[in-house]
Amino acid sequence: MNSHFDPDLIRAYDVNGPRYTSYPTANLFSESFAPDAYTQALRELPDSAPLSLYIHVPFCATICYYCACNKIITNNRRHAIGYLNSLFTEMDLVSSQLQGFHPVEQLHFGGGTPTYLSDAQFVEVFDHLQKRFQLQSGPDRDYSIEIDPRTVTPERIRFLCEIGINRMSLGIQDFDPDVQLAVNRLQSEDDTAAIMRAARDNSVKSISVDLIYGLPKQNPRSFTRTLERVIGLNPDRISLYSYAHLPARFKTQRQINTADLPSPEAKLGLLQLAVETLSAAGYIHIGMDHFARPEDELVKAQADGSLHRNFQGYTTHGHCELVGLGVSAISSISNRYCQNAKSLPDYTAALASGRLPVERGLLLTGEDTMIREIIGDLMCHFTLDVRALEASYGDPGREVYESALPALRPLAEDGLVELLPGRLNVTERGRYLIRNVCMVFDRHLPVATTSFSKAI
């Protein structure tokens, strides 16, 4: 299968830019945003508006040097007790603002390491969720959890499925022992395979795995072996992330020997290797760093126009309002983004005083909402219906497209996009640089973009 991967084109456009899990991007959230705005958004939700709940569990027992997540490294499991009490208080405060019936179609546990919690603590969490929210029990629900295979057993997988989990995302990153040692994440292939078998034995409807390219000690031979082993495990989805080495921002990355990192050219080669290997194995490139089997719901949603992208990546639940619970969690409700306090002391102090722990956020303008729709269409479907944009937004819709044309024309000359009457299409080659296309429409993008990662 032709992957349409053009290394020369990608090399030419390898600049820093947002990943557009939101627009405007999270770096523009303001601390002057009032928590009352979040409360108002919850109260104004129309009856029967479905919800997607995200629950952040920040704890990890060990440190992975590459990780840039909001996490707390500790082996003292008592820390989770106080955290869960705060989390339950937040559930109480949030649910008390909701009016009417709001079915929870999607639930996701992220981290950190969600499986840091004990079985008894998971039972507590689900008990509180059941009491405060309208959790769904049918097969259409998407209740997922991120799993570190080193922290669970097949018996634990069975337990998680029994309490309601039906999707799982497993961190692998790389199976090569030298790479694992360099990033302090030793993980057996056999143990990972056993966890995936247990998930399927317990009727998990989707398994996703995470890989990272650009890690220390990676080379084409070892990464080929990792890709082959992963394909042999037959996950439904594969997320292929670029490692961004930012030791000035993330202290744990300072444990990585910079001399062991692949050069930019070698890293590009690893990306090309992965893209071509996954494409040849039948995986469909959804966009950005996501690949899925042809029969996967993401592929179907992309085909029928319902695919959506938010803070959790690509999803089939774009019609749901996103409510984030836990330290640093982000909510997206109507035209508001709201983020909880990033530090655990600030988060727990707010809840101890009876306040929602919202620390910053953003109220979108009408123009922001329009451009969010434009970028969403491009990120998910690689096309923009200009006539439909004008029909929905009138002169502002026409103006935002016309103002982007001077920057779009060079992209068209380089084969990233096609400028057609009434439509903008991203080419197959341009899909790997979709961030660059979206940046053309970003009205908030600063001249200096070094706070964002590079395309590769």
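**Exercise 1.** Over the ring of which residue does the charged end of Arg293 sit?

*Solution.* The model is predicted, so local features need pLDDT of at least 70 and side-chain atom pairs count only at pLDDT 80 or more, while totals for chains, interfaces and linings use all residues. Residues are numbered from 1 along each chain as its sequence is written, and side-chain values use heavy atoms, with hydrogens and water left out. A charge is taken to sit over a ring if NZ of Lys or CZ of Arg is within 6 Å of the ring centre and within 35 degrees of the ring normal. By this rule the charged end of Arg293 sits over the ring of Tyr283, 4.0 Å from its centre. Arg77 lies over the face of Tyr116, at 4.0 Å from the ring centre.

**Exercise 2.** Describe the ring pair formed by Phe109 and Phe126.

*Solution.* Begin with the rule: rings of Phe, Tyr and Trp (its six-membered ring) pair if their centres lie within 6.5 Å, and planes under 30 degrees apart count as stacked, over 60 as edge-to-face and the rest as tilted. The count by this rule comes to eight aromatic pairs. The centres of the Phe109 and Phe126 rings are 5.8 Å apart and the planes stand at 35°, so this pair is tilted. Next, place the residues, using helices (H or I, at least four residues) and strands (E, at least two) that are DSSP runs numbered from the N terminus. Because Phe109 lies in strand 4 (residues 103-111) and Phe126 in helix 4 (residues 119-132), the pair ties together parts that are 17 residues apart in sequence. Both Phe109 and Phe126 are buried, where buried means under 20% relative accessible area, exposed over 50% and partly exposed in between (1.4 Å probe, protein chains only). Ring pairs also link Phe59, Tyr83, Tyr116 and Tyr347 into a cluster.

**Exercise 3.** Work out the order of strands 18, 19 and 20 in their sheet, and name the helices that pack there.

*Solution.* Two strands pair if DSSP finds at least two bridges between them. Strand 18 is joined to strand 20 (residues 423-426) by three bridges, and Asp385 stands opposite Arg423 in strand 20. For the helices, axes are lines fitted to C-alpha atoms, for helices over the stretch in contact, and angles run from 0 to 180 degrees between N-to-C directions; contact means heavy atoms within 4.5 Å. Helix 12 (residues 366-381) lies across strand 18 and strand 20, running at about 140° to strand 18. Helix 14 (residues 395-413) touches strand 18, strand 19 and strand 20, and its direction makes about 130° with that of strand 19.

**Exercise 4.** Is Tyr241 buried or partly exposed, and which residues does Tyr241 contact?

*Solution.* Tyr241 lies in strand 9 (residues 237-242) and is partly exposed, with a relative accessible area of 28%. Leaving aside neighbours within four places in sequence, Tyr241 is in contact with Arg19, Asp210, Leu211, Ile212, Tyr213, Asp289 and His290. Turning to another residue, Gln121 lies in helix 4 and counts as buried at 13% relative accessibility. Not counting residues up to four places away in sequence, Gln121 touches Ala80, Ile81 and Leu84.
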